[in-house]
Every structure is written in structure tokens, then in C-alpha cells.
Amino acid sequence: MKKIKHIVFWLIVIGLILLLFSSHVIAEDVFQHQRLELVNIIKVNVVSTRAFLDRGALDERVLDAIGKVPRHEFVPDDQRPYAYENKPLPIGYGQTISQPYIVAIMTDLLKPKKTDRVLEIGTGSGYQAAILAELVDSVYTIEIIEELAATAAGNLKRTGYNSVHTQTGDGYYGWETAAPFDGIIVTAVASHIPPPLIKQLKPGGRMMIPVGGQFIMQYLTLVIKDFDNKVTTRQIIPVRFVPLTGKH
Amino acid sequence: MTTKPGLPLLFAIAVISASALAYEILLMRLFSIIQWHHFAYMIISLALLGYGVSGVFLALNRDRLSHGFPWAIMTNMLLFSFSAPTCFLLAQQIPFNPAEILWTPVQFLYLCNIYLILTLPFFFAANVIGLSFYHYKEQVSAIYAADLSGAGLGSVGVILLLFLMFPEQILTVLVLSGILATLIVSAFAFRGQHVDTSHWTIACIVIGVTVIFAPTGWITLAISPYKSESQLLLIPGTKVIDRLSSPLGLISVVKTALTPLRHAPGLSINATTEPPEQLAVFTDADNMTAITRYNGKPETVSYLEQTTSALPYHLKQHADILILGAGTGSDILGANSHAIKHIDAVELNPQIIDLVKEKYADFAGRIYSSANVNLHVDEARGFVATSNKTYDLINISLLDAFGASAGLYSLAENYLYTEQAIQDYLQHLGLGGYLSITRWIKIPPRDEPKLLATVVNALKRANIEQPGQRIMMIRSWQTSTLIVKNGVISLDEINRLKQFCSERSFDPVYYPGITDAEVNRFNIQSQPYLYEAATALLGNQGKAFIENYKFNIKPATDDKPYFFHFFKWQTLPEIFTLLDSGGIFLLESGYLLLIAALLQAIIASLLLIALPLRLWKSNLGITNLSGTDLHLPEGRQAGKPDVKPESGSHLRILVYFFCLGLAFLFIEIAFIQKFILILHHPLYAITVVLSTFLLTAGAGSYFSEKLSRSPLKPVIMLPVAVISLLGISYSLGFESIAGFLLKTGYLGRYLFSILLIAPLGFCMGMPFPMALAKISQTTPALIPWIWGINGCASVISAILATLIAMQFGFTVLIFLAIALYCVAAWCFPDLAIES
């Protein structure tokens, strides 16, 4: 009897040790599963919004990037359980990590190509930069809030996105030494589109500006510089909604 | 043996009442600063349910508390005194974030916690008054008079204090006022009644002195990190260099030492210049504007030429212009580039003017002291109504923050963009003059189509046959500017508009003869929304367009001044299906919050009024079966029902007091809004009208004692008849009254307004104590329960009044209130005499 107890005891100990070692793998597996579910939700939402986005589906590469970047690594610990819900999350300092659906749309509207050079103004937690890093060769990101910049740089390094160039400071003048850019995302609130950023956009380049508050985005502004350097903007609401119905 | 309440007790009751009302107004200010205005409104309305809770609490414990009246009353006064600041400081520590409420359910829990915490101070204050009603049941009119008069003085007092101190410092004043009330009661109220309260007096003096000398620097406001001031302060080298308090808002000036502010809303995408150095100015930690450094050379602020609001200056040369909402002066800077001979600049907030004109005058280039600028501290609409001048241009640029057009301010009345306001502006334009209104672009559009509809209606009312010949509109990616001309727009003006737009990549929205091809070229929308709106509204199908539009774009009027109320029930199901996919911005949350607040208030009231009625009937005094009522009136026997069970009399009492609770605030709220149009300044109008109502109602209550002695039921008809007569006359003859008062000058307007309100308030103060006096003779045990009914009805009333005004207008609200008074008169309690 004593021997059986002994065996049971050691079995429990070994089980606990195994569980401890495998918990990381199990958690990763759970997160991976949640990420794929999130991608499916985004796909469904995009289908219902296709008329507004001028396309029936997002670029598969963008969806792959969403499915690959560990969003849970870019949110504070207390927000990890919600990392794969399709909603914005607070990351401290009055800032948020955007709703994944909006991240997907903004990234897709930039039409990123592998060889592109993209600038982000407002690094936040680094999640958008990581998504971009999955898609293009060169990502430059600037954050003005020192603490956030440090956290984001740490997040990017920890998750292996070492190629992302980070800088702490004022994004108004862009990144002169790395300009021009094929794409620019301005996630920091601006009262106007900074002229230096338009200047640093390549002919044929696209700039994305979400307009609205931290948790509620109002609409997206897409700035396009054509090959004649003529600049136009497009205002896009990310949902299928027409303010007017019926005939007049 | 209960004696008459002495003057000291009545005075102490008035102090507590004043403090409770001051606390209510102060909480509105504090929550508008740390959170947002609409949530402040919701939180405070529901916290007032503390009055309802007090009713139930007193009903169930009335005799025990009345027995130890001195002790109970002083304890509640002290508890109010300490809970007022403590509860606020606790509530602001709760990490409630309104913007997250639809994403994170736990936010509802936070919100409920804030309600519950803030209910406490009102509960204690209500206990003081309710218990006094019960204890001195023969003298209810005197107590009610003290309560109302105190509230009237409190409303004036807190407005004065807000000019003198920062809002968080006023919390200390409330502590002291509570202690003062307790001190008065302990030292003077029970003299000669064999009640030893000396230790209370000593304790009050010691605590009071401690509070006066205790450091208060630790009381700071925990402003939401999501407000724009908090966000700016995160930028290195940024600091607050000035803070000013007034009831119009907490102003802070922020200097950005390392990173320039660069506030230039609506700047063209073609712009190459950037603004010079600026200081940020926040009102209530939000609504940012900027004081721009100016050295007298217009070329240094040439960025202003790259905004849509510069259009009217490029159509022709103006000599005399009016700028409404001059604020920190950017519109004046814009005008300076065009050598305007004379500018009348109107700004409501004197502290903003003081910043630009005095404190930062050198920085701002002394623009408000320029020889060509005439500065007026006035409300925009009021200035126009009393001015006889005509102008070449009346300019209103972004005269509310972006937040206002983001669905958050739908509950706030706004008299700037009503049909009557537009008519007023147009009447002050010289021949060929322009009215120019610049607003934020919103997608899908709400403000701009509503403004267009309002302008078209105003022009039609002015018998302009072809409004389309007088309107021009352009837009950038961020702002739109609408111009209405006093005259037909010429070909030259159209050509200038086209050139202005083409140089700046702005899109024309409308001008006479515009074609489809011109409207969506630079700032491309999935549909040219505004062009479609303009052509529909100017054509024959304007009404159908408004009906079918998914947001409410019916023009606002002075009777329904809710320009930012865009909510439509028909659109709600569609928006709900889009919430998950980023459609949350479509939700006009302000209106829904009001509905949510009303539902919560109704549910809470049912719990507080109906549940006790069901569960504790005998304890409430509805049936006196236990025979424990120690205060049975003469001639009544223990064990005999006060109100015959199932007789429905308690229902009549409920209806009577509920109707009064609703009607009193309906009239008060409606007339505050009506008189804003006469007195113009919203702050002074609210203070004068509210305090006049409360003070005269207090006097009416005191006088009602004489009427109450009459054994006749028709005696209630007297005040109700006067209320009805005055209410109907004022609302039907309002335009004539306003026309007359506007001619009487500043002082005359206020004096006549007080004279008009006083008799109404006087009569409105009577029905409550008259009925209470009757009940105190027959079923005094019901008094606390009635106090609870009154509290609950007041909470529901404030919310319901806004909803009714939004839907039907203030005139309907007044008539509804009169109907409620009539219902109350019909139920007037000879009620309880059925035994």
C-alpha cells in the first residue's frame, strides 16, 4: 500500500513538472487558435463591407499577418485574455491598440508590397508595426510618449521583429533620412495632415489616417499621391452603411 | 411632545438644502472635467435617487428616528458634510471609461458603483429634510419653505464660488457648511428642551477649525487619460502654465516647450506652411483651441488662408464684419490678412478674453486691443438679437468642439443653429453680405445636412423664392464652410469660389449651376453626400429627403434647440448589426444614454416606491394594523387603518405627489430654456431663473399654511389655476414678451424676468406643503414615503423633460406640466379622510 502511494506521489510530481513545461506550448496553441478565429471574423466583416472597401476580400497576406502576429504580446498583462477579441484595448497612457478589424483594413488600404518602405507615426504598443513588418521589408515607426516607445521597442524585440526601426520623438517631420516612403500610417491624432509627411510620400504612395477618438474611430482618411504628385484624399467608413435610402 | 421648529433649525435645514443643491451643480462641473458632460448628467441624475432611498429609509424607521430627533438630525448633517467630498474622491478613483462601455461590460459595474457612492450624500441631506417634515408635521410648510429657499440660495452661492475657487476646493466649503448647520442645531435649536447637545457643539467647533486649517492640496482631480488635455500632457516638455475656474468651465493653458502644438484644423492638403508657436487652451480638459503667437505680420499666419473658413474673404473685400465665438482669436487673425476696417468680435467667456487680451497679450500680438476690433463679452445669439447693425460678413467658425459633433452633446441645447437664429443672422447682413458657417466634416454627414436644411427653411420663411441662388458651400477633408448671401450669387463670385477651391484642393459642394462632375474630385467620398443633400433640400423633395435620411436632420428650432440630436429609432437595428465591424461610431450615444438613465430611474423608483408599498404596507402607515404609530392624530385609534386598504387612496396620494414632482421640474426646466433666449447668457439665465423659482416657491410654501387651514378641497384650485393661467399666457405670448424685454436693456431684462417668474414660482411652492399639511392631520406616517415619491419623481422628471423637449419642444412640456398639475388637483388629498 505504501509502495502504491509512493508511485502515485511521484506520478503526480512528474505530471506537474510536465504540465509546467508544456503550459507555455498549450497557451501558445490556444492563442494560435484564437488568432485564426479572429481572422475568420475579420473575413466575414469584410465580405459585408465590400461595397465600401471596393473589394470582396482583404489581401491574403494581410490576413496571414493578422493570423501570425501574437497580439497578446503587445497588450498589458491584464488585457491578455481579451487580446484576440475584435475590439480595441487600453495599453496605458490614454492610448489604445486598435480593433484588429480596423488594423486589417488600414493595412490593406495601404496596398503594401514586399519591397515597400513604410512609416508609422504613433507606435503605440508596436502591434501595427509588427503587422507591417510581416508584409514589407522596411518599417520605420516613431512614438512621442517615451514610456510607450520603450515598451513598444521591447515588445517588437521580444517577438522577433528586430528589423523594425524605432524612434522616440515628434513625428510631424516624418523620418527625413529614410524618406521617401511608399506608405505612411498616422495613428497619432493630428489637427491636420502634416505637410512634411505628404512631401515624404513617394509618387504613387498612400497614407492612412484614422479619424476619431481612442476607442471609437469615426472614419478613415486615405491620402493618395499619384504619379504626377497630385494629392487627393478618400474618406472611408469601414462599415456597410448608406445614410440615405429611398428615391427622391 | 413635538414643538414648532425654531428659526435656528429652519436656518440649518436651509443650509443643508443649499449645500445639497450646490453639491449637485458642483458634481456636474467636476464630472464634466474628469469625464464628459453627458455622463456627468446621467450620473448626477441617478445619484439624486438618494432622496428616494431616504424616503423609504425614513418610512421604515420614522418613529425611532423621530424619537431621537436631535441626535438623528445632527448625525445626518455631519454625515452629509463628510460624505460630500469623500464620496466624490472615491468615485473618481473608479476606472470608469465611457468610451469603453460598449466594448467592456465591466464598465457597467463601475458606473453602478459611481451611482451608489454618489447617492450617499444626497441620502443624508434628504434624511435631514424628510425627518424634519415628519417630526414637525404641523409645520411642513415652514420646513418646505426653508428647504426651497435654501436650494435657491445654494444655486446662486455655488455659481459665485465657482468664480472664486477651483471646483475641487469647493468640496471643502461644503464640509464646512454641513458642520455649520450641525453647529447651529446643536447650539441653538433645542434650547430649553432638556436636550444636552453641548458635546456636539464642541465637536463641531473642533472639526470645523481642523477642516479650515487642514492642508487641501492633496485634493486633486483624476482627469480621464483619454481627454485631450491628458493626452497632450504626456508629450515631453509640456506643462500647464495657467488654470482658471468659472462656472463656464475650467480653463487650462498648456505650453509645449519641445514639440510645437501646430493646431490648424482643416488645413488644405496643399499647404506648405505650418502655424507659428501656439499655447493650447483647454476647457474642462477638452475642446482644445490655441492662442497663436502673432507679431502683427499677416504672412506669419498665412496658414489660415489654407482653410475653408477663409473663403468669404476671397469672394470680395469686406469693410465691417462680425465674428461670433471669437475665442482665442484665430478668426481675427484670419480676417487681419484682408485689411478689414472694422471687426465686432463676440465671446461668451470673459476668462478666455482675459487670457488673450491681458495675460498673453504680447504673445497674441494684442489682437483684441487693435483699433479695428471691438470686443463684446456676450452670448452670440443675444448680441445679434440686440444689435441694430448690419454687416458685410457674419462669421461662425467651428463654434463647438469636434466632440460636440461626435454625438456626445446631443442633450445640450444650442441656440446658435436654430431656424430663428439663422433668420436673425440674415437680418443683420447688409445687401450682398455673407453669413459664413464652418463646421467639422462628419462621415456619414449629420451636422452639415441639418445645417443646410435649417438654412433653406430660414430662407423660405423669409419669403426668398429661390434659396438655391443664395447658397454656396465647399469642403476639405476635415471641414466644410457654408455661405448664405443676402442677395443672388454672381458669376464673378462663383468663379472666385472655383479658383479658391482649385488652389487648395477643396471640393465645391454647392453653388448655383454646379454640375455633378465638380463635386467629388479632391476629397473623395463614396458618394458626394453633401452635394446630394443640398440638391435634394433645395429641390421639391426636401421633406422626403429629411424623412428618409438615416439620421435626424430636421431643422432645430428655438422651441426644440437640439441641433446635435441626430438619433433616429428606425436606424438603430441596422447600427446594432454593424457594431462588431467597427460601426460603433454610428451610434448617437447621447440620446441612448438618456433613455438608459430614464429606464434606470423608473426601475429604481418602482423599487423604492412600489416595493415598500407591497412588502411593508403596515410599516409605511398605509394600514395601521400594528397599532404602533406613536403619533396618531387626535380622534384616531391604533389598529384602525389610516387609509382604507384597497380603497385606492394611497394610489391617489402617490399620483398627487408624483404629478407634482414631475410638473414642478417640467415648468422649471422649460422656463429656464425659454428665458435663456431673453437673458441670453446661459449661465446667468439658469442662475436667475432657477433661484427665482426656488426662492419664490419657498415664499409660496410659507404662505400656503394660511390656505391649508381652509377645510375646502377647492382651495388647491387657486394655485393650480394661477399656474395654468400664467404658464399658458407665458408660453403662448412668449414672442411678444421676448420682444418687449429685449428692448428694455440689460438690467430691465433681468428685473422683468424675475417679476414674471416670481408669481409662477410662488404658486408652484404651494401644492406640495398644502397636501402634506392635510396628510399630517390624517395619516402622518405617510410623510416619509411621500418624501420618497417626491424624490423619485424629481429624478424621472429631469430626464423625461429633456426627452419630451427633444421630441415635442418646450411649449408642449409646459402644457404637459399644467395637465399634471390639474391631475394633481383632482387627486388633492382630502384623500385620507375615508376612514
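## Helices α1 and α4 of chain B

In α1(B), the residues B:Leu9, B:Ala12, B:Ile13, B:Ile16, B:Ser19, B:Ala20, B:Tyr23, B:Leu27, B:Leu30, B:Phe31 and B:Ile34 meet a set in α4(B) made up of B:Phe69, B:Met77, B:Phe80, B:Ser83, B:Ala84, B:Cys87, B:Phe88 and B:Ala91. Sorted by class, the residues of this contact comprise 17 nonpolar, two polar and no charged. The model described here is predicted.

Two packed helices are described by the angle between their axes and the distance between the axes. For α1 (residues 7-34) and α4 (residues 69-91) of chain B, the angle is about 10 degrees and the axes are 11 Å apart. Helix α1(B) is therefore roughly parallel to α4(B), since angles under 35 degrees fall in that class.

## Helices α24 and α29 of chain B

The α24(B) side of the contact consists of B:Met717, B:Val720, B:Ile723, B:Ser724, B:Gly727, B:Ile728, B:Ser731 and B:Leu732, which meet B:Thr811, B:Ile814, B:Phe815, B:Ile818, B:Tyr821, B:Cys822 and B:Ala825 of α29(B). Eleven of the residues in the contact of α24(B) with α29(B) are nonpolar and four are polar, with no charged residue.

## Aromatic pairs

Over all chains, the whole structure holds 37 aromatic pairs. In one of them, the ring centres of B:Tyr562 and B:Phe810 lie 6.3 Å apart with 40 degrees between the planes, so the pair is tilted. The two residues are 248 residues apart and link distant parts of the chain: B:Tyr562 belongs to the loop between α18 (542-548) and α19 (572-578) of chain B, while B:Phe810 belongs to helix α29 of chain B. Both B:Tyr562 and B:Phe810 are buried.

B:Phe563 and B:Phe566 also form an aromatic pair, with centres 6.3 Å apart and planes at 75 degrees, an edge-to-face arrangement. B:Phe563 has a relative accessibility of 0% and therefore counts as buried; B:Phe566, at 1%, is likewise buried. Elsewhere, ring pairs link a cluster that consists of B:Tyr23, B:Tyr51, B:Phe80, B:Phe122, B:Phe133, B:Tyr144, B:Tyr656, B:Phe657, B:Phe768, B:Trp787 and B:Phe828. Among these, B:Tyr23 and B:Phe80 also take part in the contact of α1(B) with α4(B).

## Charges over rings

The ring of B:Phe563 has the charged end of B:Lys450 over it, 6.0 Å from the ring centre.

## The setting of B:Ser794

B:Ser794 lies in helix α28 (residues 783-808) of chain B. Its relative accessibility is 23%, so B:Ser794 counts as partly exposed. When neighbours within four places in sequence are left aside, B:Ser794 is in contact with B:Gly661 and B:Leu665. The C-alpha atoms of B:Ser794 and B:Cys659 are 9.8 Å apart, although these residues are 135 residues apart in sequence.

## Chain A

Chain A contains seven helices and nine strands. Its C-alpha atoms fill a box of roughly 85 × 50 × 35 Å along the principal axes.

Of the 248 residues of chain A, 54% count as buried. Among contacts in chain A between residues at least 6 apart in sequence, 54% join residues at least 24 apart.

Definitions and conventions:
Residues numbered from 1 in each chain as written. Chains lettered and ligands numbered in written order. Predicted model: local features only at pLDDT ≥ 70, side-chain atom pairs only at ≥ 80, totals over all residues. Heavy atoms only, no water. Contact = heavy atoms within 4.5 Å. Helix = DSSP H or I, 4+ residues; strand = E, 2+ residues; numbered from the N terminus. Nonpolar A, V, L, I, M, F, W, Y, C, P; charged D, E, K, R; others polar. Phe/Tyr/Trp six-rings, centres within 6.5 Å; stacked < 30°, edge-to-face > 60°. Buried < 20%, exposed > 50% of the residue type's maximum accessible area, 1.4 Å probe, protein only. Lys NZ or Arg CZ within 6 Å of the ring centre and 35° of its normal. Axes fitted to C-alpha atoms, helices over the stretch in contact; angles between N-to-C directions. Parallel < 35°, antiparallel > 145°, perpendicular 65-115°, else oblique.
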